[in-house]
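Here is a friendly walk through one chain. Keep the model open beside the text as you read.

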Amino acid sequence: MGKLKKILSCVFVFALLLPVDLLGIQSAGPGIRFEEIGQKAGVRVVHHTRQYHGKNAEVLHMFTAGGAAVAVGDYDGDGFEDLFVADSDAGKPNHLFHNNGDMTFTDVAVQAGVAGGNDPNSIVADAVWFDYDNDGKPDLLVGRFGTPILYHNEGNGKFKDVSATSGLNKFGNTIAVIAFDYDNDGYLDLLFGNYFKPVNLLDLKDPHVLPNNLDAATNGGGVTLWRNTGKGTFEDVTEKAGLGKLSGWTLDVGHGDFNNDGLQDIYLACDYGTDHVFLNNGDGTFREVTEKATGWDTKKGMNVDVADYDNDGWLDVYVTNITDEYMKECNMLWHNNGDGTFTDVSKETGTCDSGWGWAAKFGDFDNDGWQDLFVVNGLRSAGPESYVPLMLPVITTPGLDITDVNNWPNIGNRTWSGYQKKRLFRNLGNGTFADVAKDAGVDNTFDGRGIGIGDFNNDGRLDMVQTNADQPLLLFKNVTQNAGNWIELKLIGVKSNRDAIGARIRVVAGGITQIREIDGGNGYAGSSSKRAHFGLGKATRIDRLEIKWPSGRNEVVTVPINRITSIKEGQGVVIR
């Protein structure tokens, strides 16, 4: 869904050399402000979607134009967040950008041993950092259309491919992956969201692989849940956990403690059908509560990010959908009502329309104590003609088999919901948001896919990475003036998993109470820093800071403001 002809490919190659203003990124005024520094930082690489061959090539390419993923994490423990950036075409290398500490990066993927993955029968689609063996060194999971790759961090700047002995040997068309400790045993587990059913699209035997219903498809890949045994291996517990009956077109998965019981619940965003909400029973199983929690929908769920946007102590969920010239579906901002139900308040809050939405991430970009929201969009930007007139007869002709790729017209050099401006919704602190993307300098018109958020220069202001399908990566340095005070917390689990994924932090300062949970990869095609970032506004001290660890342990600690602080479970503040 994003094929670009050679002439456009050349344009984007030239874009690597263009100044920022010629990339369609506007200058910014007062308030939240970013500077795009991808070229200067050494990270402006172009993503390539997988090219297919044969008569179905264009249609398959159109339906699989993803994989432009980014994962943020400090793989070498030097205190600066690094970047793993995926590519997707055959033979194209992935990138591991080592943070040099001066807002420049060096690609060390080949030396580190993590550049591979796009072999003739596999497509890299997502990635997440997670310390699966609790040795203090982040390991790397690469999700693929194919079998996943698990890289063990050897601690010397190099990684070892341990996929063959990991037990992660099940073929799936995985588009999303999160790491979380669903059973609170101290080891991180993996949940894969699978888009197509488990057939090899690169060696297609049967052309009936597309959705069997555009509003209620039941022939997708569902999800697979892998339990970490604590012995360096994983076991498939999908059926045992109660997730085996799902057959939707899962496009993203996310987790969080939705009912404040200390257990990690999950939200599944599904294309061509309803999303699903599952609560954790605490015994290794989940129960579906979709009908009560959100109700059934026929929207095109694309993204799951979880945050308490209104500071009421309950985690809310943001899901992107499609709002364009022929589908007016609206995003969903699910407000957690605290009673097991959610209410979609996207229209009331001003976060409904973001075009053809992909990734969306919450973050307090001006450190005022209220989390803002960045959303990327755009399906396919190409020539002046639209693909929609060709597509409409396919979806409106009675009896036409829409699962057969042969019944979909080739897209050629046509555009489909392209050239859309990105959205940056600033949280106004009164239950509403205002789009400040233009003033903030992030309203580019690239075909966005993933977002990774982290404080890459350790200055207390959150920066952003935007990945784009078949287009250059963008790195936005936060240059907001007069931003508020802040703290960033690096949690280290002991009885809990080492990454402290699932830990909840509650901070009271300046008359505002905020919560954060450490997540293991929420958001489409992007996982962000595992540091917990809090904007404090004008507050000059923390009144109270509480941590509820996944193990159940509760701690109250004291930390300085405008600092990055490490906290170890049971020991409080530590020097690293």
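The chain has 10 helices and 37 strands, where helices (H or I, at least four residues) and strands (E, at least two) are DSSP runs, numbered from the N terminus. This is a predicted model, in which local features need pLDDT of at least 70 and side-chain atom pairs count only at pLDDT 80 or more, while totals for chains, interfaces and linings use all residues. Residues are numbered from 1 along each chain as its sequence is written, and side-chain values use heavy atoms, with hydrogens and water left out.

**Overall form**

The C-alpha trace spans about 65 × 55 × 50 Å along its principal axes. For 576 residues, a compact globule would have a radius of gyration near 25 Å, and the 22 Å of this chain agrees with that. That radius is taken over C-alpha atoms, and the globule rule is 2.2 Å times the number of residues to the power 0.38. Buried residues make up 63% of the 576 residues; buried means under 20% relative accessible area, exposed over 50%, and partly exposed in between (1.4 Å probe, protein chains only). Of the contacts (heavy atoms within 4.5 Å) between residues at least 6 apart in sequence, 61% join residues at least 24 apart.

**Strands and their partners**

Strands of a sheet pair through backbone hydrogen bonds, either parallel or antiparallel. Here two strands count as paired if DSSP finds at least two bridges between them.

Strand S29 (residues 485-492) pairs with S33 in the antiparallel sense over 5 bridges, and Asn485 has Gly537 in S33 as its bridge partner.

Strand S30 (residues 504-509) is mostly covered, with 5 of its 6 residues buried. S30 pairs in the antiparallel sense with strand S31 (residues 512-517) over 6 bridges, and 5 bridges join S30 to strand S34 (residues 544-548), again antiparallel.

**A helix with a buried face**

In helix H9 (residues 388-396), Val388, Met391 and Val394 are buried. Seen down the axis of H9, the buried residues fall within an arc of 115°, so they line one face of the helix; the arc is that of the directions from the helix axis to the C-beta atoms. An α-helix has 3.6 residues a turn, so residues three or four places apart point the same way. On the other side of H9, Pro389 and Thr396 are exposed.

**Salt bridges**

The structure holds 24 salt bridges, each a side-chain nitrogen of Lys or Arg within 4 Å of a carboxyl oxygen of Asp or Glu. Three of them are set out here.

| Pair | N to O distance |
|---|---|
| Glu35 and Lys40 | 3.4 Å |
| Asp215 and Lys300 | 3.2 Å |
| Arg504 and Glu517 | 3.0 Å |

How do the surroundings of these partners compare? Glu35 is partly exposed, with a relative accessible area of 33%, and Lys40 counts as exposed at 59%.

The side chains of Asp215 and Lys300 meet in a salt bridge. This pair links distant parts of the chain, 85 residues apart: Asp215 is in the loop between strand S11 (189-194) and strand S12 (223-228), and Lys300 is in the loop between helix H7 (290-293) and strand S18 (305-307). Asp215 is partly exposed at 36% relative accessible area, whereas Lys300 is buried at 5%.

Arg504 and Glu517 also meet in a salt bridge. Arg504 lies in S30 and Glu517 in S31, so the pair ties together parts that are 13 residues apart in sequence. Both Arg504 and Glu517 are buried. Elsewhere, salt bridges that share partners join Asp183, Asp185, Arg227 and Glu235 into one network.
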